[in-house]
Amino acid sequence: MLSVLARSQRTLVGGALAAASQRFSTSSWRQEKKTTQLKNMLTSSDLEFIMEAHNGLSARIVEEAGFKGIWGSGLSISAQLGVRDSNEASWTQVVDVLEYMSDATTVPILLDADTGYGNFNNARRLVKKLEQRGVAGACMEDKLFPKTNSLLDGRAQPLADIEEFALKIKACKEAQTDPDFCIVARVEAFIAGWGLDEALKRATAYHEAGADAIVMHSKRSDPQDIQTFMEAWNNKGPVIIIPTKYYTTPTQQFRDWKCSMVIWANHNVRASVAAMQDTTKTIYEQQSLTAVEPKVVPVKELFRLQNDKELSQAEERYLPKK
């Protein structure tokens with residue numbers, strides 16, 4: 001595994017200049033506000049993609065790869081904090097992480113905001129704090145606080161009352177000060193074992209309450225839930241999908257069904273766990289860095305990702321000359 005990781009890491013370092021060139025080529029697009037960028041992605045006629053990140057470093061890597069947006073994954077952020085994805089990290093701790101991610105990037109971040117961390121009042125305060133930190137949108141799911149991760153096996157997934165959640169969406173839309181800030185409503189009907197009728201009823205209610213897009217979530221290994229929903233939804237509004245479980249589905253099918261956006265939801269944190277486990281095990285067993293050092297990025301790559309060059313230039317400009 002280390003050799004595979006090494007090749008991918010060398011590719012990342014070697015491709016940094018190409019990625020930078022790509023960023024410059026889209027600089028005019030990125031002069032738009034982050035909120036406007038996200039709103040345009042949701043309303044685009046093209047299928048758009050955003051990628052999971054969980055801290056400032058991973059967010060910068062996602063942007064350098066060419067992604068036009070970032071998914072601030074609740075699972076990934078809680079995992080990198082070493083706690084469970086059950087609202088054990090407070091919303092202020094999550095917002096602190098998001099501030100670093102936003103500062104490190106120029107592309108929009110859509111936060112996985114769980115249930116909004118409480119009722120309508122908690123959720124609308126969250127929106128204000130996200131706006132202050134340059135986060136472009138919040139995705140809230142129609143379950144109860146504290147949330148239960150949707151992919152856990154055998155766990156109850158109680159859903160929120162439809163009217164209560166719709167009013168939470170309305171409160172968030174009325175609380176935002178930037179008209180392009182995006183509120184996304186995540187429908188968990190399929191996750192909770194309900195059928196198409198319940199999913200449609202909930203999606204319609206949240207759409208009518210002002211949600212900028214709907215996430216239709218499913219943990220089936222095939223895309224049947226998504227396909228049947230998209231056919232019945234009939235393009236009433238933007239729909240986002242998260243194909244973590246039905247990952248073998250050809251992406252062209254998502255285009256054919258008129259999905260608006262795909263979230264690659266947790267693969268950076270999972271990849272980093274695999275790399276750290278493998279590297280740590282090797283060092284522990286061999287009591288040496290010899291086998292590992294050629295297979296990890298050089299320290300200089302960390303300095304580059306931290307934008308140390310800018311600090312060096314600033315020191316030259318602002319520190320007194322001896």
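Here are a few questions and answers on how some features of this predicted model get their names.

The model is predicted, so local features need pLDDT of at least 70 and side-chain atom pairs count only at pLDDT 80 or more, while totals for chains, interfaces and linings use all residues. Residues are numbered from 1 along each chain as its sequence is written, and side-chain values use heavy atoms, with hydrogens and water left out.

Q: Why is H10 called oblique to H11?
A: Helix H10 (residues 196–208) and helix H11 (residues 224–233) pack at an angle of about 50°. Angles under 35 degrees count as roughly parallel, over 145 as roughly antiparallel, 65 to 115 as roughly perpendicular and the rest as oblique, so H10 is oblique to H11.

Q: Which residues of H10 make the contact with H11?
A: With contact meaning heavy atoms within 4.5 Å, they are Leu196, Ala199, Leu200, Ala203, Thr204 and His207.

Q: What makes Pro223 count as buried?
A: Buried means under 20% relative accessible area, exposed over 50% and partly exposed in between, using a 1.4 Å probe and protein chains only. Pro223 has a relative accessible area of 15%, so Pro223 is buried. Leaving aside neighbours within four places in sequence, Pro223 is in contact with Tyr246, Thr249, Gln253 and Trp257.

Terms used
Axes fitted to C-alpha atoms, helices over the stretch in contact; angles between N-to-C directions. Helix = DSSP H or I, 4+ residues; strand = E, 2+ residues; numbered from the N terminus.
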